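Please find below a colleague's note on the model shown here.

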Amino acid sequence: MTRKTRSVFIVPCSLFTLLILILGLALFVVRTNAFKREIRSRVVSALERASGGHVELGSVHLYWRTLAVRLDNLVIHGSEPAGSPPLLQVASIGMQLKAA
């Protein structure tokens, strides 16, 4: 096997191995609690920016196989006075991405 033939074989195999390692690392990262806390923090920040109020969120559940997310115990407080019901309060809300 010549050097050129060997490099033609080694380069694609190396790239494939690198791709598998990156995918494995990504799968590991998305299953960590730190990633889940980051997602929860970003969801709360986005909802606070969009509503202009204070947001309380119980938990976030991500379902990667179905590209869905479920938010539990979501409460959005607007400018309502203390003691009155919040602007929005839901026990659970779900969203799913669908391919067009």
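The note covers the basis of the model, the sheet, the helices, the core, selected side chains and backbone angles.

1. Basis. This is a predicted model, in which local features need pLDDT of at least 70, side-chain atom pairs count only at pLDDT 80 or more, and totals for chains, interfaces and linings use all residues. Residues are numbered from 1 along each chain as its sequence is written, and side-chain values use heavy atoms, with hydrogens and water left out.

2. Sheet. Three strands form an open sheet in the order S1-S2-S3, with antiparallel pairing. Strands here are DSSP runs of E of at least two residues, helices are runs of H or I of at least four residues, and both are numbered from the N terminus. Two strands are taken to pair if DSSP finds at least two bridges between them. The edge strands are S1 and S3 (88–96), each of which pairs on one side only. On average, neighbouring strands of this sheet are turned by 15 degrees against each other, direction ignored. Axes are lines fitted to C-alpha atoms, for helices over the stretch in contact, and angles run from 0 to 180 degrees between N-to-C directions.

3. Strand pairs. S1 and S2 are joined in the antiparallel sense by 9 bridges, and Val 55 stands opposite Ile 76 in S2. The antiparallel pair S2 and S3 has 8 bridges. Across this second pair, Ala 68 stands opposite Gln 96 in S3, and Val 75 is placed opposite Gln 89 in S3.

4. Hairpin and positive phi. S1 and S2 form a hairpin with 4 residues between them. Leu 67 belongs to the loop between S1 (54–63) and S2 (68–77), and its phi is near 55 degrees, a positive value in a residue other than glycine. Most residues other than glycine have a negative phi. Leu 67 is partly exposed, at a relative accessible area of 46%; buried means under 20% relative accessible area, exposed over 50%, and partly exposed in between, with a 1.4 Å probe and protein chains only. Asn 73 also has a positive phi, near 55 degrees, but this residue lies in strand S2.

5. Helix against sheet. Helix H2 lies across S1 and S2 and runs at about 135 degrees to S1. Ile 39 is found in H2 and is partly exposed, with 22% relative accessibility. Leaving aside neighbours within four places in sequence, Ile 39 is in contact (heavy atoms within 4.5 Å) with Val 60 and Leu 62. The C-alpha atoms of Ile 39 and Val 55, 16 residues apart in sequence, are 14 Å apart in space.

6. Nonpolar core. Which residues make up the largest nonpolar core? Its 7 residues are Val 44, Val 55, Leu 57, Val 60, Leu 71, Leu 74 and Ile 76. Such a core is a set of buried Ala, Val, Leu, Ile, Met, Phe, Trp, Tyr and Cys residues joined through side-chain atoms within 4.5 Å. The elements giving two or more residues to this core are S1 and S2. Val 44 is in contact with Val 55 and Leu 57, when its neighbours within four places in sequence are left aside.

7. A buried aspartate. Asp 72 is found in strand S2 and is buried, with a relative accessible area of 13%. What does the side chain of Asp 72 make a polar contact with? The partner is the side chain of His 61, at 2.9 Å. A polar contact is a pair of N or O atoms within 3.5 Å; within protein, one must be able to donate a hydrogen and the other to accept it, and residues adjacent in sequence count only if both atoms are side-chain atoms. Beyond neighbours within four places in sequence, the contacts of Asp 72 include Leu 57, Gly 58, Ser 59, Ala 91 and Ser 92.

8. Aromatic pair. The count comes to 1 aromatic pair. The ring centres of Phe 35 and Trp 64 are 6.2 Å apart and the planes stand at 40 degrees, so the pair is tilted. Rings of Phe, Tyr and Trp (its six-membered ring) pair if their centres lie within 6.5 Å, with planes under 30 degrees apart counted as stacked, over 60 as edge-to-face and the rest as tilted. Because Phe 35 lies in H2 (residues 33–51) and Trp 64 in the loop between S1 and S2, the pair ties together parts that are 29 residues apart in sequence. Trp 64 is partly exposed, at 48% relative accessibility.

9. Helix H1. Leu 15 lies in helix H1 (residues 3–30) and is exposed, with a relative accessible area of 54%. Its C-alpha atom is separated by 38 Å from that of Leu 71, 56 residues apart along the chain.
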